[in-house]
Amino acid sequence: MTVFIDVTCAIIEGELGKVLVAQRSAEMKLPLKMEFPGGKVEPDESPEESLIREIKEELDVDIEIVSGIPANQHSYPDFSINLIPFVCRITDGEIILREHAMYHWVAIDELLSLDWAEADIPIVSDYIRSKKIRK
Ligand SMILES: Nc1nc2c([nH]c(=O)n2[C@H]2C[C@H](O)[C@@H](COP(=O)(O)OP(=O)(O)OP(=O)(O)O)O2)c(=O)[nH]1
């Protein structure tokens, strides 16, 4: 039976409709792939609590959750995740990268051209679609 690990990720919206995209470091699993920052949900926390904690640990900022978008289940060759995304905003702090190689603010139209961790691709597509519907 496949065990899917719950992982939350933050689609952080900034100015000019851009979103924050982070590059995994060379030492992490899925090295140098682009992702939305976040991480594994611990047994004693909700996905929302987990994401707020992870973003503080990884980017040193406080966020608020604006909305959720559908999770995506994905199996890599050696593990499987249930990736749970939330649209977020920074409420306090300046970004200091603690784990990632790099981050960028990326326009919605450019998102799909990045070298994403595979599990993120359907989420990026859903997010783009949700923005187009709201326009
Ligand atoms: N944070 C985050 N992780 C993602 C995304 N897409 C994706 O496939 N993942 C994968 C990469 C990781 O294997 C896992 C998240 O776990 P993590 O970032 O807490 O841990 P990790 O693998 O770097 O560390 P570890 O297992 O060695 O302890 O989910 C994403 O958009 N954000």
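Q: Why does Leu59 count as buried?
A: This is a predicted model, so what follows is computed from it. The cut-off for buried is 20 or more other C-beta atoms within 10 Å. Leu59 has 24 C-beta neighbours inside 10 Å, so Leu59 counts as buried.

Q: Which residues does Leu59 touch, not counting residues up to four places away in sequence?
A: Leu59 touches Pro37, Ile95, Ile96 and Leu97. Contact here requires C-beta atoms within 7 Å.

Q: Where does Leu59 lie?
A: Leu59 lies in helix H1. That helix covers residues 47–59.

Q: How do you know that the span of H1 agrees with what a helix should give?
A: H1 has 13 residues. The rule is 1.5 Å times one less than the number of residues. Pro47 and Leu59 are twelve residues apart along the chain, and their C-alpha atoms are separated by 18 Å.

Q: Which other residues of H1 are buried, and what covers them?
A: The buried residues of H1 include Pro47, Ser50, Leu51 and Ile52. Glu54, Ile55, Glu58 and Leu59 are also buried. Their cover includes E1, E4, strand E5 (62–68) and E7.

Q: What follows H1?
A: Asp60 follows H1, and its phi is positive, near 60°.

Q: What makes the phi of Leu16 worth a remark?
A: Most residues other than glycine have a negative phi. Leu16 is not a glycine, yet its phi is positive, near 60°. Leu16 is found in the loop between E1 and E2.

Q: Why is Leu30 called partly exposed?
A: Partly exposed lies between the two cut-offs, 12 or fewer and 20 or more. Leu30 has 14 other C-beta atoms within 10 Å, so Leu30 is partly exposed. Leu30 lies in the loop between E2 and E3. Its phi is positive too, about 50°, although Leu30 is not a glycine.

Q: What makes Ile133 exposed?
A: Ile133 has 7 C-beta neighbours inside 10 Å. The limit for exposed is 12 or fewer, so Ile133 counts as exposed. Ile133 is in helix H2 (residues 121–134). Ile133 and Ile65 are 68 residues apart in sequence, and their C-alpha atoms are 20 Å apart in space.

Q: Why are E3 and E8 said to stand at the edges of their sheet?
A: The sheet is open, has three strands in the order E3-E2-E8, and is paired in the antiparallel sense. Strand E3 (34–35) and strand E8 (102–107) each have a single partner strand, so one side of each is left without a neighbour in the sheet.

Q: How do you know that E2 and E3 pair?
A: Pairing needs at least two bridges. Strand E2 (residues 18–23) and E3 have two bridges, in the antiparallel sense. Gln23 stands opposite Met34 in E3.

Q: Which strands pair with E7, and in what sense?
A: E1 pairs with E7 in the parallel sense over nine bridges. There, Thr8 stands opposite Ile84. E5 pairs with E7 in the antiparallel sense over six bridges. There, Glu64 stands opposite Arg89. Strand E6 (residues 72–75) runs antiparallel to E7, and four bridges join them. There, His74 stands opposite Ile81. E6 and E7 form a hairpin with four residues between them.

Q: Which residues come nearest to the ligand?
A: Of the 16 residues around the ligand, Glu35, Gly38, Gly39, Ala117 and Ala119 come nearest. Strand E1 (4–12), strand E4 (38–40) and strand E7 (80–92) each give two or more residues to this shell. E4 gives the most, with three residues. The shell divides into ten nonpolar, two polar and four charged residues.

Q: Which residues does the "domain: Nudix hydrolase" annotation cover?
A: The unreviewed UniProt entry places that annotation on residues 2–129. In the model, the end C-alpha atoms of this span lie 29 Å apart. The span is 17% helix and 39% strand.

How values were computed
Residues numbered from 1 in each chain as written. Predicted model: local features only at pLDDT ≥ 70, side-chain atom pairs only at ≥ 80, totals over all residues. Near = placed C-beta within 6 Å. Nonpolar A, V, L, I, M, F, W, Y, C, P; charged D, E, K, R; others polar. UniProt positions renumbered as here; feature names shortened; annotations may be inferred. Contact = placed C-beta atoms within 7 Å.
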